[in-house]
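This briefing is meant to be read alongside the sequence and the 3D view. Please keep both at hand while working through the points.

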Amino acid sequence: MKMKICAFVILLAAGVTSSRAQDTWIQKADFGGTPRYGAVGFSIGAKGYIGTGYNGTYLKDFWEYDPATDAWTQKANFGGTARDWATGFSIGSKGYIGTGHFYDGNDHYYKDFCEYDAASNTWTQKADFGGTGKAEAVGFSMGSKGYIGTGFDGSYTNDFWEYTPEETSIAIDIKPGTFPNSINPRSKGVIPVAILTTDTFDATAVDQTTVRFGPNATEAAPVQSALEDVDGDGDTDMILHFKTQDTGIVCGDTSASITGETFGGQAIEGSDSFKTVGCK
Ligand SMILES: [Ca+2]
Ligand SMILES: [Ca+2]
């Protein structure tokens, strides 16, 4: 009787163990650059990135990690000066590194802030970080916004800042296939608007729940959306339908805009012209 109970307990314990997933760490290829501290990283899509830091010398080299091949590739050096303890995050298809520190007998705390475009492997200087230059700040992103706070600027800090990138300009076509575009503001129908895929923008990445359309680009949410090649150039575009009465378009208006975000959090904006009809 005693043995039976014992066996039952063992089986139960084994069952519990095998039904639980286990967290694991697996060592991957070493970072492609030299050993260092004070580097910073972020991810864009299916790639990871690490750059800058200090190893006795201040560094600005920048590397891409591809988990599919477990390999590092050196990319364009960070766009600012070499530094350690910078801060980074990514928004959509762009990565950002800014703030940081350099010591040359005196401590220098940086507030410059650069954007990395993985598609073109280029860095662009953006608006300086809003607070004082600082080292060892922390950054993260949520949706289309980035955040940096805390850190050391000679003193401990707790200021906290939100970064909003400028909107990416996209091509839209009100009433695709027709021009000029005539809109009757009194119509009880819908207005079709296409977001076009181009060499630099994939319309299928747009999160249609975030899209608004109207003279102020804020008025109407789409009531219907579909993916199709509306301009017949071989790539897939997005077509959205907006109720005319939701758009706020009135007689005499001449243009309207779309705003929204991609699933990756990249803010977008595009405009097209039209003329109002049926107004007399
Ligand atoms: Ca049109
Ligand atoms: Ca197309």
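In this predicted model, Ala 226 has Ile 239 of strand E18 as its bridge partner. Strand E17, which covers residues 224–228, runs antiparallel to E18, and five bridges join the two.

- Strand E18 spans residues 237–243 and is mostly covered, with five of its seven residues buried.
- A residue counts as buried here if 20 or more other C-beta atoms lie within 10 Å of its own.
- E18 also pairs with strand E15, residues 190–195, in the antiparallel sense, and six bridges link them.
- Within E18, Phe 242 is the residue that stands opposite Ile 191.

**The sheet as a whole**

- Four strands form an open sheet in the order E13-E15-E18-E17, and their pairing is antiparallel.
- Strand E13 (172–174) and E17 stand at the edges with a single partner strand each, so one side of each has no neighbour in the sheet.
- On average, neighbouring strands of this sheet are turned by 20° against each other, with direction ignored.
- The pairing of E13 with E15 is antiparallel and consists of three bridges.
- Asp 173 has Ala 194, in E15, as its bridge partner.

**Two domains**

- The domain assignment of the protein chain lists domain 1 as 33–163 and domain 2 as 168–276.
- Taken over C-alpha atoms, the centres of domain 1 and domain 2 are separated by 35 Å.
- Contact between the domains involves six residues of domain 1 and six residues of domain 2.
- The side of domain 1 that touches domain 2 has five polar residues, one nonpolar residue and no charged residues.

**Ser 257**

- Ser 257 belongs to strand E19, which comprises residues 255–262.
- Is Ser 257 buried or partly exposed? Ser 257 counts as partly exposed because it has 19 C-beta neighbours inside 10 Å, whereas a buried residue needs 20 or more.
- When neighbours within four places in sequence are left aside, Ser 257 is in contact with Ala 217, Glu 269, Gly 270 and Ser 271.
- Thr 157 lies 100 residues from Ser 257 along the chain, and 41 Å separate the C-alpha atoms of the two residues.

Technical notes. Residues are numbered from 1 along each chain as its sequence is written. Chains are lettered from A and ligands numbered from 1 in the order in which they are written. This is a predicted model: local features need pLDDT of at least 70, side-chain atom pairs count only at pLDDT 80 or more; totals for chains, interfaces and linings use all residues. A residue is buried if 20 or more other C-beta atoms lie within 10 Å of its own, exposed if 12 or fewer, and partly exposed in between; C-beta atoms are placed from the backbone. Two strands pair if DSSP finds at least two bridges between them. Domain bounds come from an automatic or database domain assignment. Two residues are in contact if their C-beta atoms, placed from the backbone, lie within 7 Å. Ala, Val, Leu, Ile, Met, Phe, Trp, Tyr, Cys and Pro count as nonpolar, Asp, Glu, Lys and Arg as charged, and the others, Gly among them, as polar. Axes are lines fitted to C-alpha atoms, for helices over the stretch in contact, and angles run from 0 to 180 degrees between N-to-C directions.
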